[in-house]
Amino acid sequence: MKRVSIGGQAVLEGVMMKGPESYALAVRKPDKEIDVQVTPYRSMGEKHKALSIPIIRGVVNFIESLYIGMKTLMASSEYFEDEEELQEAGKEEKAATTDKTDITEKADDKEKSSNTGYLVITLIISLVIAIGVFILLPAFVANFLYKITDSSLLVNFVEGILRLAIFLGYTALISKMEDIKRTFMYHGAEHKTINCLESGEDLTVENVKKHTRFHKRCGTSFVFIVMIISIFVFMFVKTNVLWLRLLSRILLIPLVAGISYEFIRYAGKHNNACSNALSAPGLWVQRLTTKEPDESMIEVAIRSVEGVIDWHEYVECVRNNSFEK
């Protein structure tokens, strides 16, 4: 077996885990049973070598992660639709006769196409809002400082501090919401399970509970690193023309995301004083976005891992250091 990096995401009452060849969505349904959906998936970087070049692979991975994350988040919400709607859908399905198979198949294909289109539109809208709030708003506000100073260095620095403040404030605010708290508990379960796997311990609830809820490869750390690196990258843009400042921020987003990915990738693969020190701020922010999970949540995370990898074999390879070179 090859050494792989399992990544994941908390969803509504569940956990998504992404493995080398697929991703699995495990959800605790309203009836308390755990349902697992496994979807085969191959990264664009594996299909096209040009997309696996450093920096570029970070942008590709970021887009893919957003797409899969949004898709599984929406899929998890479908488990909790109103019971009346589900019953009504069941009655309509019962009323359908078996001689309408072709019509049903066409309807299913149309629904899948509609869902994909809705997902893409939702993703685009979410990105536009995120870029507007976390990237363009700080640049817009900081630009007013040119009325009292000519220092682009100072203005860009203040812009970066504003960006960090908005991000941390937003994160702290939503962490107080009850539904978000449960999602953050599943986030903690995801991290603890991956840490347990990577330490070479069997994936049991008791073993997982012993591990930390923080992880270097976390998406929270990635976003925080994006905020930090953007300060240094945007420092090179020196203009007090507002539209040029805003345009430069948009154009430089792929570069910032690519550099941030390489940093997270390095930190996740190394455990030395340098990587630990540089990872510390991101791990600190995870205190806001992860909470200690209960045992039922850990069970869901374990089931999700089981959907994408044979953890028994993987743990054995970790213990014996017998991964393929």
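A cavity is defined on a 1 Å grid over the protein atoms alone, as a set of points where a 1.4 Å probe fits but cannot get out; lining residues have an atom within 4 Å of a point. Grid points are joined across faces, edges and corners, and a volume is the space filled by probe spheres set on the points. The model is predicted, so local features need pLDDT of at least 70 and side-chain atom pairs count only at pLDDT 80 or more, whereas totals for chains, interfaces and linings use all residues. Residues are numbered from 1 along each chain as its sequence is written, and side-chain values use heavy atoms, with hydrogens and water left out.

## Overall composition

The protein contains 12 helices and 4 strands; helices (H or I, at least four residues) and strands (E, at least two) are DSSP runs numbered from the N terminus. Of its 325 residues, 39% count as buried. Buried means under 20% relative accessible area, exposed over 50%, and partly exposed in between, with a 1.4 Å probe and protein chains only. The protein exposes about 18,400 Å², of which carbon and sulfur atoms supply 61%; accessible areas come from the Shrake-Rupley method with a 1.4 Å probe, and for residues only the protein chains shown count as cover. Among contacts between residues at least 6 apart in sequence, 70% join residues at least 24 apart, where contact means heavy atoms within 4.5 Å.

## The cavity and its surroundings

The structure holds 1 cavity of 30 Å³ or more, and about 40 Å³ of space lies in the largest cavity. Its lining consists of Lys216, Ser221, Ile225, Phe263, Ile264, Ala267, Leu278, Ser279 and Gly282. Helices α8 (219–234), α9 (242–269) and α10 (273–289) each supply at least two of the lining residues. By class, the lining divides into 5 nonpolar, 3 polar and 1 charged; Ala, Val, Leu, Ile, Met, Phe, Trp, Tyr, Cys and Pro count as nonpolar, Asp, Glu, Lys and Arg as charged, and the others, Gly among them, as polar.

One of the lining residues is Ser221, which lies in helix α8. Apart from neighbours within four places in sequence, Ser221 is in contact with His215, Lys216, Ile264, Gly282, Leu283 and Gln286. Pro281 belongs to helix α10, and its C-alpha atom is separated by 8.0 Å from that of Phe224, 57 residues apart along the chain.

## Nonpolar cores

A nonpolar core is a set of buried Ala, Val, Leu, Ile, Met, Phe, Trp, Tyr and Cys residues joined through side-chain atoms within 4.5 Å. The largest has 30 residues, of which Ile6, Met17, Leu197, Leu203 and Val305 touch the most other members. Two or more residues of this core come from each of β2 (14–18), β3 (22–28), α6 (178–198), α7 (205–209), α11 (295–306) and α12 (311–320). A second, separate core of 11 residues includes Ile225, Val226, Ala257 and Ile264. Among the lining residues of the cavity are Ile225 and Ile264.

Which residues does Ile6 touch, not counting residues up to four places away in sequence? They are Met17, Lys18, Gly19, Pro20, Ile194, Leu197, Arg217, Val308 and Ile309.

## Individual residues

Lys192 is found in helix α6. Leaving aside neighbours within four places in sequence, Lys192 is in contact with Val208, Lys209, His211, Thr212, Arg213, Glu292 and Pro293.

Cys218 sits in the loop between α7 and α8. Not counting residues up to four places away in sequence, Cys218 touches His187, His191 and Gln286. Cys218 and Leu283 are 65 residues apart in sequence, with their C-alpha atoms 8.4 Å apart in space.

Most residues other than glycine have a negative phi. Glu13, in the loop between β1 (7–11) and β2, has a positive phi near 55°. Lys32, in the loop between β3 and β4 (34–40), has a positive phi near 80°.

The accessibility of these residues is as follows.

| Residue | Relative accessible area | Class |
|---|---|---|
| Lys192 | 2% | buried |
| Cys218 | 3% | buried |
| Ser221 | 4% | buried |
| Glu13 | 17% | buried |
| Pro281 | 36% | partly exposed |
| Lys32 | 59% | exposed |

Note on methods
On a 1 Å grid over the protein atoms alone, a cavity is a set of points where a 1.4 Å probe fits but cannot get out, and a pocket is an open set with protein on both sides within 12 Å along at least five of seven lines; lining residues have an atom within 4 Å of a point.
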